[in-house]
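User: I am new to this kind of model and would like to learn how to read a few of its features. Could you take me through them slowly?

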Amino acid sequence: MRQQRFIGLHQRWSSSRALLLIPIALIVVITIADIVAPADIVFGPLLVIAPGITAWFAGPRTTSAIGALAIAAQVFMGWYSGLLSSRGVIAQIIALAALTSLIVLLCEVRERHRRQLTQVRTVSEAAQHVLLWPLPVRLGPLHLACLYLAAEEEAEIGGDLYAAARTDSAARVMIGDVRGKGVPALGEAALLLGAFREAAHQHASLPELAAALERSVVRYLADFEPEQDMGERFVTALLLEVPDNEPVARITSCGHVPPVHLGPDNTVTVPSLNPTPPLGVGLTDPDRHHLDVLPFKPGDTLLLYTDGVTEARDHKGAFYPLAARVAQWADQAPEALLRHIERDLLAHTGGHLGDDAAVIAIRRTLVTHPGRRAGHAIQSGAFRHGSEAL
């Protein structure tokens, strides 16, 4: 990361140095034009273009230097014409100095905002790596890949989350969506990830696990939910369990969108689930959470995602048709499948998402890892970009 930043800084510095030739050339051309032009034609006021252009690609110091060079050129033109002491030339010099000072001030404000934005991104990356971990590529009989696209680019993280845990004879995966987006939703996301890491190994069934997560979220909201948001904060979550020796997938949905099932024969289906309300509404009885069982054979792929994907709109307001689009890539490996989805989703939205979006591609393979100790591999994550997670 540091090496990439150094390379980026070096490239920007080299580019800025080359661009400096433009305002310098303008100053030279304007000065020559003013000298050779008739006395009634004045080009001196055009010199303000030079610091204005410089502020576009350089910092306040460089802009000040170009502005000083432009003022010096204005003084030279006045001296050469013998009118340096005239009121017109003096007014031009004062006006050029004042405009240059204003441009430098605006440049300094812009640079200050840029430094603040860089600091926000640095803090976001630190929080990302400390609290949120990437999913493993292999988890028991599963091959996983994940994609995260944050709606707020300056934050690089948000309220969508995913996690996975390996038990003695099964793999468990969770994907969730906190109401809201960006940094304000990070607290609930981190809370749910921590609760899942602990509870995934303490409860035999997914309804029991969902009830335990509900209790954790309710306690958190009781302590930290703002009064103005009372009763309005919740988390949708989908809990998935894939046993090692059964060709099925068990699912408990807490108000979350259903997965997309991709068969090895390029069939695409969206199973009908029996969801319960989202986490945070107080549904702590395991019997109130439904368990759906779906066929999940070797070669099958499940796409778990958040509503930021299917609710993404194009310029005409049309939603992104995930199930229809993925049919053409159903035979792809999880990593390749998510690359296709990412490119297609960003093309559909014009590069801007209205909400955080997360996708997990899970393919069942013939490889199993029996006897792995419970809790041996626990991973979770929420990332700004799919390339970091793949």
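User: Is phenylalanine 76 buried, exposed or partly exposed, and how should I read that?

Analyst: Bear in mind that this is a predicted model. Buried means under 20% relative accessible area and exposed over 50%, and because phenylalanine 76 has a relative accessible area of 36%, it counts as partly exposed.

User: Which residue forms an aromatic pair with phenylalanine 76, and how are the planes set?

Analyst: Planes under 30 degrees apart count as stacked and those over 60 as edge-to-face, with the rest called tilted. Phenylalanine 76 pairs with tyrosine 80 at 6.1 Å centre to centre, and with 35° between the planes the pair is tilted. Both residues lie in helix 4 (residues 60-81), 4 residues apart, which is about one turn of the helix. Ring pairs also bring in Trp79, so that Phe76, Trp79 and Tyr80 are linked into a cluster.

User: How many aromatic pairs does the count come to?

Analyst: The count comes to 3 aromatic pairs. One of them joins tryptophan 56 and phenylalanine 57, edge-to-face, with 85° between the planes and 6.3 Å from centre to centre. Tryptophan 56 is exposed at 66% relative accessible area, whereas phenylalanine 57, at 16%, is buried.

User: How much space lies in the second largest pocket, and what lines it?

Analyst: Rolling a probe the size of a water molecule over the atoms shows where empty space is left. In the second largest pocket that space is about 290 Å³, and among its 16 lining residues Asp34, Ala39, Val42, Ser81 and Leu83 are the closest to its centre. Helix 4 gives the most to this lining, with 5 residues, and by class the lining has 10 nonpolar, 5 polar and 1 charged residues.

Notes
Residues are numbered from 1 along each chain as its sequence is written. This is a predicted model: local features need pLDDT of at least 70, side-chain atom pairs count only at pLDDT 80 or more; totals for chains, interfaces and linings use all residues. Side-chain values use heavy atoms; hydrogens and water are left out. Rings of Phe, Tyr and Trp (its six-membered ring) pair if their centres lie within 6.5 Å; planes under 30 degrees apart count as stacked, over 60 as edge-to-face and the rest as tilted. Buried means under 20% relative accessible area, exposed over 50%, partly exposed in between (1.4 Å probe, protein chains only). Helices (H or I, at least four residues) and strands (E, at least two) are DSSP runs, numbered from the N terminus. On a 1 Å grid over the protein atoms alone, a cavity is a set of points where a 1.4 Å probe fits but cannot get out, and a pocket is an open set with protein on both sides within 12 Å along at least five of seven lines; lining residues have an atom within 4 Å of a point. Grid points are joined across faces, edges and corners, and a volume is the space filled by probe spheres set on the points. Ala, Val, Leu, Ile, Met, Phe, Trp, Tyr, Cys and Pro count as nonpolar, Asp, Glu, Lys and Arg as charged, and the others, Gly among them, as polar.
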